[in-house]
Amino acid sequence: MVRLAIALICMGVLARSEPALGQGSRPAGTFRFSHEAGAGLQRLWQASVAAKEERVACLASTVRNDTVFVTRIEALEPEDADSLGISAMASVEHCGPPEWSGTVHTHIALYTDSLPSTRFSAQDRTAMRLWYDRWHSDGVFCLIYSRQDAHCEADGVVGGMRAQPRVVHE
């Protein structure tokens, strides 16, 4: 159970900003996970594998300079879910500020012969956009695609530095 937490902490899962990586001139931000968050991610993965369905949780974090510190997660009960077991609207409504920074979910369906998709899908990006439209705040989003691997992204952490907050006018 602690293995995932240790692996994620040791790996310092990187947030990727594709334009920044393409330019090759700026480092990406780093993600760090508390012991509590790592244990929660392990439970989320195990529940997903056991159910053979994707699972989702709310994610709490803080951002300091180029590092996102994930402090805890809270799994959501699957309800009104799509065929993959996730209700985007439930996670958008439940996982908002100030208590939550975004969401984490699992990818378990195989994308290749041995691995689920390691990146956010178009549907994932739509859910992320719905979250932003609902909360008008930068968000933090992760997906777990194996027992010890995850991909995370944080809005507002660009090129390893916290970007200026965005004001949204309706």
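Trainee: Where is T106 found?

Mentor: T106 sits in strand 4; helices (H or I, at least four residues) and strands (E, at least two) are DSSP runs, numbered from the N terminus. Bear in mind that this is a predicted model, where local features need pLDDT of at least 70, side-chain atom pairs count only at pLDDT 80 or more, and totals for chains, interfaces and linings use all residues. Residues are numbered from 1 along each chain as its sequence is written, and side-chain values use heavy atoms, with hydrogens and water left out.

Trainee: Got it. Is T106 buried or exposed?

Mentor: T106 is buried, with a relative accessible area of 0%. Buried means under 20% relative accessible area, exposed over 50%, and partly exposed in between (1.4 Å probe, protein chains only).

Trainee: And what does the side chain of T106 make a polar contact with?

Mentor: The side chain of S48, at 2.8 Å. The side chain of T106 also reaches the backbone nitrogen of R55 at 2.9 Å. A polar contact is a pair of N or O atoms within 3.5 Å; within protein, one must be able to donate a hydrogen and the other to accept it, and residues adjacent in sequence count only if both atoms are side-chain atoms.

Trainee: Which residues does T106 touch, not counting those up to four places away in sequence?

Mentor: L44, W45, S48, E53, E54, R55 and I144, with contact meaning heavy atoms within 4.5 Å.

Trainee: R55 again. What does the side chain of R55 meet in a salt bridge?

Mentor: E53, at 3.0 Å from N to O. A salt bridge is a side-chain nitrogen of Lys or Arg within 4 Å of a carboxyl oxygen of Asp or Glu. R55 counts as buried at 12% relative accessibility, while E53 is partly exposed at 32%.

Trainee: How many salt bridges does a search of the whole structure find?

Mentor: It finds 5. One of them joins R72 and E99, with the closest N and O atoms 3.0 Å apart. R72 lies in strand 3 and E99 in the loop between helix 4 and strand 4, so this pair ties together parts that are 27 residues apart in sequence. Another has R125 and E153 meeting at 2.8 Å, N to O. R125 is in helix 5 (residues 122-135) and E153 in strand 6, 28 residues apart.

Trainee: Switching to cysteines: how many disulfides are there in the whole structure?

Mentor: There are 2, a disulfide being a pair of cysteine sulfur atoms within 2.5 Å. C58 is joined to C95, S to S 2.0 Å. C58 is in strand 2 (residues 56-64) and C95 in the loop between helix 4 (88-94) and strand 4 (102-106), 37 residues apart. In the other, the sulfur atoms of C142 and C152 are 2.1 Å apart.

Trainee: Why is the disulfide of C58 and C95 left-handed?

Mentor: Because the torsion about its S-S bond is about -75°. For C142 and C152 that torsion is about 115°, so their disulfide is right-handed.

Trainee: Last topic. In what sense do strand 2 and strand 3 pair?

Mentor: Antiparallel, over 8 bridges, where two strands pair if DSSP finds at least two bridges between them. A57 stands opposite A75 in strand 3. The hairpin of strand 2 and strand 3 has 2 residues between the strands, and N65 takes a positive phi near 55° there.

Trainee: And what about strand 1 and strand 3, parallel or antiparallel?

Mentor: Strand 1 (residues 30-33) and strand 3 (residues 67-75) are parallel, over 4 bridges, with T30 opposite T67.
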